[in-house]
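Here is a short briefing on a protein model. Have a look at it first, then read on for the main points.

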Amino acid sequence: MSNVILKNVKKIYDKKVVIDGINLEIKDKEFIVLVGASGCGKSTILRMIAGLEEITDGEILIGDKKVNNIHPKDRDIAFVFQSYALYPHMTVRENIAFGLKMRKVDKATIEKKVQEAAEILDLTEYLDRKPKQLSGGQRQRVALGRAIVRNPKVFLMDEPLSNLDAKLRVQMRSEIKKLHEKLQTTFIYVTHDQTEALTMGDRIVVLDKGVIQQVNTPEEIYNNPQNTFVAGFVGSPQMNFIEGEFIDEKYKGMTVGIRPEKMVTGGEIKLSAKVEITELLGSEKIVYFNIGSSKCSAKLLADENIGNEINLSINPSDIYLFDKVSGKRIAEV
């Protein structure tokens, strides 16, 4: 079993609460993504699971075994960092084998494991090259290979794709997902990129200021956000938030949320607004405008002709309602 459980885990730095008593159960073989803005505590959680940060209070269990006082090297985890952390003077083969050599694993076993990892990651032809002779994506695969050979219970990944260009990030996202399917072990992945979270995770943990805002599948997080933070963080462009009375008097005193792709849907609520700016994104375009004091956007087909004014027709079933003070989702009125 390689489940991971956090029970009321807290982390305090210099009297500042960074992680505020979180509870989370990560299932055996699950690919779970911790997502949130910089400084929300997601990397701190990962480092506490790894044992690289002491927890202030609470319990962490790996495979149903409490690991609070267990040394990182004895937790049976593998950590893949944002920086590849490869040794420049070593070959790919030597980099992948390094951890096994430190554990005094016999040469035959090391060679077998390195070859297996290289085949999984398509690195066989690069085994005798140095890191400087590799692309960014290849270096990241070497870092993954170094983790794979250890056959850990849990893989921890801290923004492993953030140093890659956009095209490589897309490619590596699918490669990491395939790797998870092959290895059939638990992956805990940290990112600030909500697109990565939506495309990679079996479940997503949305964090803000050290507090879990919502845990669910990507579909549920996107379609049924529990509060304005989750609704605004997940989705690109982000959800529009409008004072309710600008949409319809029955929503007065509430915050109305509408996804940009739902702003022109042939519904019964009619609005118009002056176009501020338009961005072309290939087959689509994003149109920016104001409704009252709220900055809004609509996602349209690129060939849709709108001129200087955008006419909106909103379906009430596409509207999300939130409490104006707490930000929590409320039922339909």
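**Briefing**

Phe322 counts as buried, at 0% relative accessibility. Buried means under 20% relative accessible area, exposed over 50%, and partly exposed in between (1.4 Å probe, protein chains only). This is a predicted model: local features need pLDDT of at least 70, side-chain atom pairs count only at pLDDT 80 or more, and totals for chains, interfaces and linings use all residues. Residues are numbered from 1 along each chain as its sequence is written, and side-chain values use heavy atoms, with hydrogens and water left out.

**Aromatic pairs**

- Rings of Phe, Tyr and Trp (its six-membered ring) pair if their centres lie within 6.5 Å; planes under 30 degrees apart count as stacked, over 60 as edge-to-face and the rest as tilted.
- By this rule the count comes to seven aromatic pairs.
- The Phe31 and Phe187 rings have centres 5.4 Å apart and planes at 35 degrees, so this pair is tilted.
- That pair links distant parts of the chain, 156 residues apart: Phe31 sits in strand E3 (residues 31-35) and Phe187 in strand E8 (residues 186-191).
- Helices (H or I, at least four residues) and strands (E, at least two) are DSSP runs, numbered from the N terminus.
- Phe31 and Phe187 are both buried.
- Phe241 and Phe322 make an edge-to-face pair, 5.8 Å centre to centre with 70 degrees between the planes.
- Phe241 lies in strand E11 (residues 240-243) and Phe322 in strand E17 (residues 320-323), so the pair ties together parts 81 residues apart in sequence.
- Phe241 is partly exposed, with a relative accessible area of 22%.
- One aromatic cluster is formed by Phe31, Phe155, Phe187 and Tyr189.

**Helix H1**

- Seven of the nine residues of helix H1 (residues 42-50) are buried, so the rest of the structure largely encloses this helix.
- Among the buried residues are Lys42, Ile45 and Met48.

**Helices H2 and H3**

- Arg93, Ile96, Ala97, Leu100 and Lys101 in H2 meet Ile110, Glu111, Lys113, Val114 and Gln115 in H3; contact means heavy atoms within 4.5 Å.
- By class, this contact of H2 with H3 has five nonpolar, one polar and four charged residues. Ala, Val, Leu, Ile, Met, Phe, Trp, Tyr, Cys and Pro count as nonpolar, Asp, Glu, Lys and Arg as charged, and the others, Gly among them, as polar.

**Thr91**

- Thr91 is found in the loop between strand E6 (77-80) and H2.
- Thr91 is buried, with a relative accessible area of 13%.
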